Amino acid sequence: MTLSIDELRRMQDSVGRGLTRATTWRQEQLQRLSDLVEQHEQEVLAALAADLGKPPTEAFFEIVALRQELKLAQRQLRRWMRPRRVSVPLAQRPGRADVIPEPLGCVLIIGPWNYPFSLTLQPLISALAAGNTAVLKPSEHAPAVAALISRLISEHFDPEVVRVDQGDGAVAAALVALPFDHIFFTGGGAIGRKVLEGAAAHLTPVTLELGGKSPALVLEGADLTVSARRLIWGKGLNAGQTCIAPDHLIVQPGLKAELLKAMASARTEMYGTDPLASEQLACIVNDRQFQRLEALLDKAQQEGRVLIGGEINRDQRRIAPTVIRVDDRQDPLMADELFGPLLPVLELADLPQTLAEIRQGPKPLALYLFGGNEAQQQQVLETTSSGGVCLNDVVMQAGVPDLPFGGVGGSGMGSYHGQAGFDTFSHAKAVLRRPFRLDFKLRYPPYGIDLNLLRRLAG
């Protein structure tokens, strides 16, 4: 059953009456969420295996991410909540100005299916730390995890603090139409636009965590053995269904042959000679996503462009990490975010030209650079825009709890993790305190102050 407007108002009222502003209340909610994560580890691993075929180690990464975020929030909460003093201009002294973070109210968190446990609950950590109540809408495409989240939240939280609404897109649309105080959405751009449109009716602020075609560049100076291992890992992780997975590879021509050889070797080391039989490989979430990837792979195979891999199992919805030659950016593999274990590889003819081509497309969620000298690394940082950048590795930037995570342009808006998440779910309230003494009549009509003196006072 979808949340009613009366239920929403009750959840907002608990914030409005100041009940959630106390540090003790916030720490209690964070501890409840910590207990939920710690006490149900095996159930979480089983649900992730049921929905996505995740091996235990990859599934455990979702728990680790929550543990790190919780520890940081519990440790830093008092500092984040502390009012920040702002200097007062001479003309307004004596006076005191502060910026006080206060809760937004009741927030809606819409989770994704690719990391359905961690990416639904991680924003909740920030929301509770900031003193909000929350409604969670887990993804219906990960039904085992959605059911588990619903049950565990009801066991660990008061329903007027956190509650879960399950259902399909119609349920999500009905929730978005309610006057929440903030909406946090993780998912694809098409649904993100609908969330933004729905939120506009109530002028509800929105955080969108989307994705995009995140490039990985390999230049001279890269350790090709390590680079290959990290690229295969990043593309094989969760069967490539990771918003910050390297979407495509751009390699200097002189490095290509050696890098591909190292990637083939790394793939065998990780997944064996029969990767479809490996217990380390997750599956594609559903038939629709599988068929989309299968069509792209079939075309590449027919044209003889598969350089590494290409193995596929329709019954198990499994695709091995696969590297595919791409001759130009007009290739269908370069049209949209792949969100699967297919890795197109292009040759880099000229770094400035490549960076210009990256700038011409939608801003990616992540940009990866392997190797390059200091000047080239700085050139990449200064002439491209992306949600984040990682040098000589992939995906790992998301594992730094206090590093803001979020997109820019087409890859999203807003950020979270650590204090960035606390700030996202807080309103920075400006407060000026003025005494009654020294009430100069020069400020009041009839104005008799000389403008030259006023200019000097105003600085």
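Colleague: Setting aside neighbours within four places in sequence, what is threonine 424 in contact with?

Modeller: Leu104, His182, Thr207 and Ser415 are the contacts of threonine 424 once those neighbours are left out. Contact means heavy atoms within 4.5 Å.

Colleague: What kind of model is this?

Modeller: This is a predicted model, in which local features need pLDDT of at least 70 and side-chain atom pairs count only at pLDDT 80 or more, while totals for chains, interfaces and linings use all residues. Residues are numbered from 1 along each chain as its sequence is written, and side-chain values use heavy atoms, with hydrogens and water left out.

Colleague: Back to threonine 424, then. Where is its place?

Modeller: Threonine 424 is in helix α14. Helices (H or I, at least four residues) and strands (E, at least two) are DSSP runs, numbered from the N terminus.

Colleague: Is threonine 424 buried or exposed?

Modeller: Threonine 424 has a relative accessible area of 15%, so it counts as buried. Buried means under 20% relative accessible area, exposed means over 50%, and partly exposed lies in between (1.4 Å probe, protein chains only).

Colleague: And phenylalanine 422, which helix is that in?

Modeller: Phenylalanine 422 also lies in α14, which covers residues 418–424. Its relative accessibility is 1%, so phenylalanine 422 is buried.

Colleague: How many residues apart in sequence are phenylalanine 422 and alanine 73?

Modeller: They are 349 residues apart in sequence, but C-alpha to C-alpha the distance in space is 8.5 Å.

Colleague: Alanine 73 comes up in the α2 and α4 contact too. At what angle do α2 and α4 pack?

Modeller: Helix α2 (residues 23–39) packs with α4 at about 170°, their axes 10 Å apart. Therefore α2 is roughly antiparallel to α4. Axes are lines fitted to C-alpha atoms, for helices over the stretch in contact, and angles run from 0 to 180 degrees between N-to-C directions. Under 35 degrees counts as roughly parallel, over 145 as roughly antiparallel, 65 to 115 as roughly perpendicular, and the rest as oblique.

Colleague: Which residues meet there?

Modeller: From α2 they include Arg26, Leu30 and Val37, and from α4 they include Ala73, Leu77 and Met81. The contact of α2 with α4 has nine nonpolar, five polar and four charged residues. Ala, Val, Leu, Ile, Met, Phe, Trp, Tyr, Cys and Pro count as nonpolar, Asp, Glu, Lys and Arg as charged, and the others, Gly among them, as polar.

Colleague: How do α3 and α4 cross?

Modeller: The axes of α3 (residues 41–52) and α4 (residues 56–81) come within 9 Å and cross at roughly 130°. That is why α3 and α4 are called oblique to each other. Val44 and Leu48 are among the α3 residues in this contact, and Phe60 and Ile63 among those of α4. By class, the contact of α3 with α4 has seven nonpolar, no polar and three charged residues.

Colleague: New topic: sheets. In what order do the six strands of the open sheet come?

Modeller: The order is β5-β4-β3-β6-β7-β18, with mixed pairing. β5 (162–164) and β18 (412–413) are at the edges with a single partner strand each, so one side of each has no neighbour in the sheet. Two strands pair if DSSP finds at least two bridges between them. Strand β4 (residues 133–137) runs parallel to β5, joined by three bridges. In that pair, alanine 134 is opposite valine 162. Helix α1 (residues 5–16) packs on this sheet, touching β3, β4 and β5.

Colleague: What about the three strands of the other open sheet, in what order are they?

Modeller: The order there is β1-β2-β20, and the pairing is antiparallel. Its edge strands are β1 (84–86) and β20 (426–433). From one strand to the next, the twist averages 30°.
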